[in-house]
Amino acid sequence: MDQWRAELIRKFNLDAWMDESVRVLASDDLRELKKSIAEAGMLVIDEAHHLSTDKDENGVSLFGLVSQYAPSVAAMLLLSATPALTDTQGFLKMLHLLDPVAFPLDDLDGFRRRIESRQLIAELVARLIPENALVMEDDLDRLVVAFKDDALLQSRVERLRPIVQQLPEEDDEEFVDALEAVRLHIAETYKLHRRILRNRRRSFPWATPKRSGLRRVAYACDLQRQRHVAIEELRLMLVNEAVNDSLDRFVLQHAIQPTREDSLEQVLRSQPGAMLEHLVQASRVDALSKQSRERETRLKALSNEILSQLQAVQVQVTVFCDRPQIADEVFESLQALLRNQVVRHRVRHRDEFDDLDPDRGRLESDDWRRFMREPEGCRVLVCDQTAEEGLNLHGGRKVVIHFDFPASPNRVEQRMGRFDRFGSGNAIESVAIVCSDDPDEMAWVDCLERGFEVFAQSVASLQYLVDEVMQSLPQQWMGLGTTAFVELEDALAGPDGRMSRERRRIDQQDTLDSLGAKSDDSYEELEAVDHDWGPWGRAFRELAEKTLLLGRVTLPWKGTLPSGEEVFRTRYSNGGAAPTLFPLSVFVTDFVGTLDTEAPGASSRNLLSYPYSLRRNTALSKDGQAKRVRPLRFGDPLVEALLSFCQTDDRGRVFAVWRHWPDYCAVDACGNDLFFRFDFLVEADLGEGDPTRGAAGITSDRALRRRVDGCFAPQFVTAWIGVDRRAVAQPPDHLTTAYRPKPAFTETGQDFNLNSGRWQQLSTREDVPWLQDWERVCQQASEDALAHVRDLGTVQDQIARATRLLNEQLQTRVAYLQNRIARLSSFARQAEEAELIAELDRHERLMIAVTRPRFHLDVVGAVFVSPHSFETE
């Protein structure tokens with residue numbers, strides 16, 4: 001929760017809305033969630049693969065609560081980094097929330113069959129690539145047999161087959177087109193749901209730091225060797241006994257964790273039929289554990305390693321321990337050695353605080369945050385299991401030291417996941433403190449490193465496979481001892497091991513789901529615009545400061561900023577030589593979301609905004625976040641307030657100028673010429689949304705707007721119309737030169753803004769005949785401009801392109817829905833038939849929107865061009 005709140009505030013600047021219209025709730029706080037969800041416009045559920053497992057004390061599950069309210073929530077995002085291929089029931093529940101009719105909970109067997117058929121499809125699609133042209137015909141035969149009821153697929157395969165039989169080159173255009181048609185049809189028809197969006201780390205290798213593997217720091221300990229022998233003897237005593245799985249797991253944990261101190265004897269004593277000789281042997285293990293724990297050999301190995309690491313500049317070390325008691329001991333030992341260079345991460349429960357809000361279950365101590373804020377002064381962080389989730393420790397040069405390991409590779413993955421998160425940073429080095437006299441611990445570390453490969457790459461996507469493997473390990477170890485780790489490592493490792501095979505399965509499924517997504521450079525284009533902050537800054541300054549006369553207060557910055565970049569606040573100027581050009585009441589009403597009441601020097605007489613930067617990287621830097629600097633972008637309250645104000649204020653939307661151009665040769669007999677300038681916003685016309693449809697209807701309209709804008713991007717078009725009612729194809733300089741309020745030299749001329757006084761003078765002059773019937777002249781010019789813009793080649797080309805794209809989308813969508821309908825029955829079939837009708841209706845609406853676009857007149861101006869000065873006349 002703390003991490004989500006911090007990210008929403010830092011990255012999205014939502015601090016003003018936090019706990020008001022934006023709420024972050026714990027997944028087990030069902031009482032608070034029930035109060036909030038009924039009015040939610042958007043619901044985001046993190047770690048959504050756990051939906052079906054969380055229940056409160058009354059047995060009410062998070063899934064039950066969400067499924068009750070999901071139909072009334074306009075937008076819902078389910079986030080999970082865990083592929084759900086293995087947990088079929090959990091996967092079905094997630095899809096049921098997205099589409100309860102198409103994915104009924106009582107059809108688990110049918111859903112499982114669809115998953116299994118997708119695996120066959122994924123394997124075939126993975127082989128249907130141009131490089132496999134020579135052996136592709138066998139795969140086409142398998143497709144024909146497997147999907148004999150899919151007529152459209154059959155026809156596309158038969159179009160491809162004769163091309164394949166001719167053994168085409170990999171880049172043959174006809175071959176590539178026919179192959180892509182088959183692949184896209186499969187992707188659109190057999191994807192589980194169109195609302196599943198997938199991304200994997202390997203798709204963005206630049207986005208996260210790498211893992212550089214594991215290095216062992218080994219130490220010798222004769223007592224630890226004796227402890228291993230004692231545990232091995234206890235294992236042999238119990239191997240033929242009818243012990244339960246929990247006891248197997250408990251003994252295994254002792255075997256691979258030399259730091260365990262909980263009593264084996266007490267656990268055995270609680271087992272029915274426990275034999276005396278077993279209890280005696282368990283008591284011996286407990287005694288050796290206590291002696292081994294009292295020795296400082298392991299702590300000394302850790303201390304020496306940390307001192308060695310800290311010799312390097314800018315290195316920070318995080319020490320992970322399995323349990324809080326061990327972490328406390330490690331912290332106390334290191335604190336005596338390093339003093340305030342080491343901090344401890346702690347999570348405390350409500351019963352440790354008398355004044356803690358009873359609605360919160362736990363409170364995170366702030367001491368450890370020094371580790372992230374002061375990398376030069378705070379070099380070591382000690383953590384226990386509570387730090388394995390919910391922390392961002394990435395960035396810089398980090399070393400992870402595992403003082404001991406849990407009996408769960410997924411927990412080790414969680415540890416590593418704190419460091420190789422999104423962002424920059426060095427490759428993550430892992431160090432294991434191990435006892436060379438303990439074969440079980442050494443074998444377990446080998447298995448983690450070479451079998452699960454958790455220190456070289458993320459295994460987050462393999463969570464269910466790891467759980468499945470670990471389910472049977474305790475029993476196997478009870479039967480085989482250390483050999484069980486060796487056999488598990490052999491089964492997991494290598495290109496044909498279970499880990500690699502599962503990765504290939506996931507990759508094949510991801511390939512199938514991503515086939516329908518066409519290559520799109522929109523993100524790269526958006527990123528390029530975002531990085532090009534110079535023109536954006538000049539445009540903002542021209543509007544906010546030079547035109548509206550908002551003040552600027554430049555803030556000091558200790559770092560180096562690029563030329564032209566500043567961190568600044570805007571200020572309302574109420575008086576003086578240049579007061580802001582709108583009333584204070586308007587500013588307070590429209591710009592209230594921009595005001596930083598805690599800014600130094602801010603008061604009712606000195607209204608200051610939050611600090612802003614034009615570069616996003618400046619705002620996201622450590623100093624920028626500490627100073628609460630906001631990136632100046634659309635969506636920010638300041639930009640949105642300026643946009644709203646400009647849409648309601650008509651100043652500048654209509655203008656008239658007398659342009660004195662000394663060497664100008666007028667065409668009109670009166671000696672002066674008149675030109676009109678019309679600026680149109682051209683966009684697809686979806687009409688007005690139905691206000692009675694509620695939040696879901698509004699969200700649907702917004703989705704249609706995004707969809708149609710993707711085909712028909714809004715554009716601005718300027719039309720110049722002469723008094724002869726003809727469009728000026730290439731406007732000359734005397735029309736496009738910027739406004740010139742004063743002449744630099746007499747011969748360059750000057751522009752005169754035709755305010756009410758000058759307009760009154762103009763209406764009496766004989767050399768400006770158009771004013772005699774001014775309304776009719778303007779109306780004709782407007783009609784001529786609109787006709788000209790409608791016929792522009794750029795507009796017509798955009799209409800044709802949008803029409804083509806929409807028809808291609810419809811063809812794919814209809815084929816997808818028709819094939820799904822053919823495979824479904826009952827309510828699921830009816831739902832898809834209704835969706836097909838709705839899709840045809842949407843297509844018709846979108847086609848009308850792009851073929852009859854909206855031409856919104858944004859700005860209109862009249863420019864009188866004359867060789868004579870207005871004042872001399």
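Modeller: D15, R569, D596, E598, R628, R630 and D636 are linked in a network of salt bridges. Please keep in mind that this is a predicted model.

Colleague: Happy to. How many salt bridges does the rule give?

Modeller: The count comes to 63 salt bridges.

Colleague: What makes D322 and R323 a salt bridge?

Modeller: The closest N and O atoms of D322 and R323 are 2.8 Å apart. The cut-off is a side-chain nitrogen of Lys or Arg within 4 Å of a carboxyl oxygen of Asp or Glu, so a pair of this kind at that distance qualifies.

Colleague: And are the two partners buried or exposed?

Modeller: Buried means under 20% relative accessible area. D322 has 5%, so D322 is buried, and R323 has 14%, so R323 is buried as well.

Colleague: Which parts of the chain does the pair E388 and R411 tie together?

Modeller: The side chains of E388 and R411 meet in a salt bridge at 2.9 Å, N to O. E388 lies in the loop between β8 (380-383) and β9 (397-402), while R411 belongs to helix α16 (residues 409-417), so the pair ties together parts that are 23 residues apart in sequence. Both residues are buried.

Colleague: What about R705 and D709: how far apart are they along their helix?

Modeller: R705 and D709 are four residues apart in helix α27 (residues 694-711), which means about one helical turn separates them. An α-helix has 3.6 residues a turn, so residues three or four places apart point the same way. The closest N and O atoms of R705 and D709 are 3.1 Å apart, and the two form a salt bridge.

Colleague: Then why is M42 called exposed?

Modeller: Exposed means over 50%, and M42 has a relative accessible area of 52%, so M42 passes.

Colleague: What joins the side chains of R161 and D141?

Modeller: A polar contact of 2.8 Å joins them, and the limit for such a pair of N or O atoms is 3.5 Å. As for E137, its C-alpha lies 6.8 Å from that of R161, although the two are 24 residues apart in sequence.

Colleague: What caps its N-terminal end?

Modeller: D636 does, with a side-chain oxygen 2.9 Å from the backbone nitrogen of L638. D636 is also one of the residues in the salt-bridge network. Within α26, P637, L638, V639, A641, L642 and F645 are buried, and their cover includes α22 (533-547) and β12 (567-571).

Note on methods
Residues numbered from 1 in each chain as written. Predicted model: local features only at pLDDT ≥ 70, side-chain atom pairs only at ≥ 80, totals over all residues. Heavy atoms only, no water. Buried < 20%, exposed > 50% of the residue type's maximum accessible area, 1.4 Å probe, protein only. Helix = DSSP H or I, 4+ residues; strand = E, 2+ residues; numbered from the N terminus. Contact = heavy atoms within 4.5 Å. Polar contact = N/O pair within 3.5 Å; in protein donor to acceptor, adjacent residues only side chain to side chain.
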